[in-house]
Amino acid sequence: MVIRAVVWDVDDTLFDYTAADRAGMREHLAAEGLIDAYESVERAIARWREVTDAQWARFSAGEVSFQGQRRDRVRVFLGEELNDTEADAWFERYIGHYERAWALFPDVLPVLDALAASHRHAVLSNSSIHVQDRKLRVLGVHGRFEAILCAAELGVSKPEARAFLAACEALELDPHQVAYVGDHPEIDGRGAADAGLLSVWIDRDGVYTGAAAPAGPHRIASLAELPALLGADTRFGAPSTFG
């Protein structure tokens, strides 16, 4: 099996979404005068993540639009019946703080450089093209990818096989010629494996260390391990820390 292309997840794979979200929400709470409404800043941030995960699940299930899940995140988090304009304005103020904290993981540029000559590259995200296209431009890596596909425009989201197969079709490659790299063991890892791609799960935090990992994806702790896993002709690879 020869892997000719790598399709990438974005948030918490290339881009440190969790750190940016936490930093952005911390600044936003202070600016909105909401810190005293919670026991602590950490509890407020945890609540924001709970609400985000729940509303994102609704979007992934097709129950609400991409913009709708954003508005509902604000309404549920604040516990207020805001109209669309009010919810959009609150979210946009948050986005301003969030974007100032954007950063790639430190292992991203080295691995993209290492694989630039040996593999083609694309993106498949459960977000929207409006969000991810701009994000990749701001982060300086947009030009690294031949195609950028997102669930909001595809009409299907990971872990559905059709999402992964759409990325393969965009590259005009069969699934067995494509690797998918993502941070979620089920949505990314098992989803890509079930669709017939070489599935690579980046588990930087060692969530499953010492426990049974999901069947299907290859688990790595750093993107530095990816070239060796792909059999790329590069000296960049490193042995897996998970064994």
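Modeller: Two conventions come first: axes are lines fitted to C-alpha atoms, for helices over the stretch in contact, with angles running from 0 to 180 degrees between N-to-C directions, while helices (H or I, at least four residues) and strands (E, at least two) are DSSP runs numbered from the N terminus. This is a predicted model, in which local features need pLDDT of at least 70 and side-chain atom pairs count only at pLDDT 80 or more, whereas totals for chains, interfaces and linings use all residues. Residues are numbered from 1 along each chain as its sequence is written, and side-chain values use heavy atoms, with hydrogens and water left out.

Colleague: How many helices and strands does the protein chain have?

Modeller: The C-alpha atoms of the protein chain fill a box of roughly 55 × 35 × 35 Å along the principal axes. Within the protein chain there are ten helices and six strands.

Colleague: At what angle do helices H3 and H4 pack?

Modeller: Helix H3 covers residues 66–78 and helix H4 covers residues 84–99, and their axes lie 9 Å apart. The angle between them is about 90 degrees. That makes H3, relative to H4, roughly perpendicular (the word covers angles of 65 to 115 degrees).

Colleague: Which residues of H4 meet H3, and how do the residues of that contact divide?

Modeller: Taking contact as heavy atoms within 4.5 Å, the H3 side contributes Gln67, Arg70, Arg71, Arg73, Val74, Arg75, Phe77 and Leu78, which meet Asp84, Ala87, Asp88, Trp90, Phe91, Glu92 and Ile95 in H4. For sorting them, Ala, Val, Leu, Ile, Met, Phe, Trp, Tyr, Cys and Pro count as nonpolar, Asp, Glu, Lys and Arg as charged, and the others, Gly among them, as polar. The residues of the contact divide into seven nonpolar, one polar and seven charged.

Colleague: Is Gln69 buried or exposed?

Modeller: Gln69 is found in helix H3, and, leaving aside residues up to four places away in sequence, Gln69 touches Gln55, Trp56, Phe59 and Val64. A residue is buried under 20% relative accessible area, exposed over 50% and partly exposed in between, using a 1.4 Å probe and protein chains only. Since its relative accessibility is 0%, Gln69 counts as buried.

Colleague: What is the relative accessible area of Arg58?

Modeller: Arg58 has its place in helix H2, residues 41–60, and touches Glu63, Val64 and Asp72 when residues up to four places away in sequence are not counted. Arg58 is partly exposed, with a relative accessible area of 27%.

Colleague: Which residues of helix H8 are buried?

Modeller: Helix H8 spans residues 161–171, and the cover over its buried residues includes strand S1 (5–8), strand S3 (147–150) and helix H9 (185–194). The buried residues in H8 are Ala163, Phe164, Ala166, Ala167, Cys168 and Leu171.

Colleague: Where does Glu172 lie, and what is its phi?

Modeller: Most residues other than glycine have a negative phi, and most peptide bonds are trans. Glu172 lies in the loop between H8 and S4 and is exposed, with a relative accessible area of 73%. Although Glu172 is not a glycine, its phi is positive, at about 60 degrees.

Colleague: Is the peptide bond from Lys158 to Pro159 cis or trans?

Modeller: Pro159 lies in the loop between H7 and H8. With omega near 15 degrees, the peptide bond from Lys158 to Pro159 is cis.

Notes:
Parallel < 35°, antiparallel > 145°, perpendicular 65-115°, else oblique.
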